[in-house]
Amino acid sequence: MLATTHNAYSFVPFLRTTPNAILAQLPATAYSFLHIDTRALVSNFHFLVAKSGDARCAAVVKADAYGLGAETISQTLTAAGCTVFFVAYLDEGIRLRQALAGHNATIYVLNGFFAGVEAEFLAHDLTPVLSDLEQIDRWRGFAVAHAQELPAALHVDTGMHRTGVPDAQLQILREQPQRLIGIAVKLIMSHLTSASNMDDDFNNIQRQRFLSARKGLPLAPASLVASSGIFLGSAYHFNMTRPGMALYGLNPTPNQANPMQPLISLWAKIYQVQDVSPGETVGYFQTHTAKTHQRVATIALGYADGVPWLMENKGAISIGDYVAPLIGRVSMDLVTVDVTDIPESLVFPGQWVELLGKTNELGGWVNFAQTSSHEVLTNLRKRPLRIYSEIT
């Protein structure tokens, strides 16, 4: 059977199954589930490895692997050959190291290198990404105090002005190279602001700035691009690429066909079915009024699970081969759909319906909610069970 858990992710390695088989094996207590296709994840990783050419392909698993479960995602990618991972914060790095115990993985921590946590990096074999002189001095001091050379990455700012060593501090670092004594610089990195817009001249401006920034710094592998930047070509790849969203099936090339395989499908049960007479309203603040007799199904999923609030009277769900439009406002735990034209044999309490998947793509939610695919994906909460398997 499929292994499923609430609020803690489970992993079913290389299990081949079908959507109907998943539905048949779910516990009766389940109201909703998010299925993650591990075969598609591995396929996306291998595609990005090939697309990266001579550069090593790392994996960004911050924000709990964009909400899909960093432990299982990283274990799957490790089995597929990935050896370098990026997280955002120290606590994420500690959990990831525990998940990858026994594996020789390099884990970079992108943000939040605060005073007093140096020993945690050493204890858990994590590599900090240093983004200003104060952090560099502190890490060097810790290394000297422990009489050993400690690894780190240097993040240089090339125009985002969000994080990274600023130009003025970079010049000081060139003039005072002793500030890096005790630090083994394993990576020099930066980040593009507009990689998804392939025609943006600022991409090349940042690439040139990155080339200049590396001059006078220790010789080390370089990394500039995440998912979309990989598709800008080999001149941007340097020694390492850092895909995140593309691994998880999101489109790294907007306005073009998505080259990645979709990973997720989101399902929930019908909770209740009722008839609504003409002139009656549905949901909070009466935003939907029935013009004719309607049958309305209530689905056990809402904005607390990640359904965008702005999908009021927008979008649809799938019931078998039929589509049912959302009507009324999105509630915390529930949404309502019009099932008037769907056979009654398919509409009953306990019936599973698909909210996201092959029929309803993530991009639809993005358009309806006027947001980004990153936000929609990371907003999918932990209340739905996570199921990991390969779809045949």
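Two strands are taken to pair if DSSP finds at least two bridges between them, and strands themselves (E, at least two residues), like helices (H or I, at least four), are DSSP runs numbered from the N terminus. The model described here is predicted, so that local features need pLDDT of at least 70 and side-chain atom pairs count only at pLDDT 80 or more, whereas totals for chains, interfaces and linings use all residues. Residues are numbered from 1 along each chain as its sequence is written, and side-chain values use heavy atoms, with hydrogens and water left out.

**Pairing around strand E12**

Strand E12 covers residues 264–276 and runs antiparallel to strand E2, residues 32–37. Ile 36 stands opposite Ile 264 of E12. The pairings of E12 are set out below.

| Partner of E12 | Sense | Bridges | A residue pair |
|---|---|---|---|
| E2 | antiparallel | 5 bridges | Ile 36 and Ile 264 |
| E19 | antiparallel | 4 bridges | Leu 266 and Leu 356 |
| E15 | antiparallel | 6 bridges | Val 276 and Gln 294 |

**The nonpolar cores**

A nonpolar core is a set of buried Ala, Val, Leu, Ile, Met, Phe, Trp, Tyr and Cys residues joined through side-chain atoms within 4.5 Å, where buried means under 20% relative accessible area, exposed over 50%, and partly exposed in between (1.4 Å probe, protein chains only). The largest core holds 108 residues, of which Phe 86, Tyr 248, Ile 264 and Leu 355 touch the most other members. Leaving out residues up to four places away in sequence, Ile 264 touches, among others, Leu 34, Ile 36, Leu 68, Leu 356 and Leu 380, contact meaning heavy atoms within 4.5 Å. A second, separate core of 8 residues includes Leu 26, Ala 30, Phe 33 and Ile 387.

**Loops and surface**

Glu 280 lies in the loop between E12 and strand E13 (281–282), and it counts as partly exposed because its relative accessibility is 47%. Apart from neighbours within four places in sequence, Glu 280 is in contact with His 288, Thr 289 and Ala 290. Its C-alpha atom is separated by 38 Å from that of Gly 67, which is 213 residues away along the chain.

Tyr 303 is placed in the loop between strand E15 (294–299) and strand E16 (316–319), and with 31% relative accessibility it is therefore counted as partly exposed. Together with Trp 309, Leu 310 and Met 332, Tyr 303 makes a nonpolar surface patch of about 380 Å².

Note on methods:
Patch = residues over 30% accessible without salt bridge, like charges linked within 9 Å, V, L, I, M, F, W, Y side chains within 5 Å. Areas by Shrake-Rupley, 256 points an atom, 1.4 Å probe, with all protein chains shown as cover. Salt bridge = Lys/Arg side-chain N within 4 Å of Asp/Glu carboxyl O.
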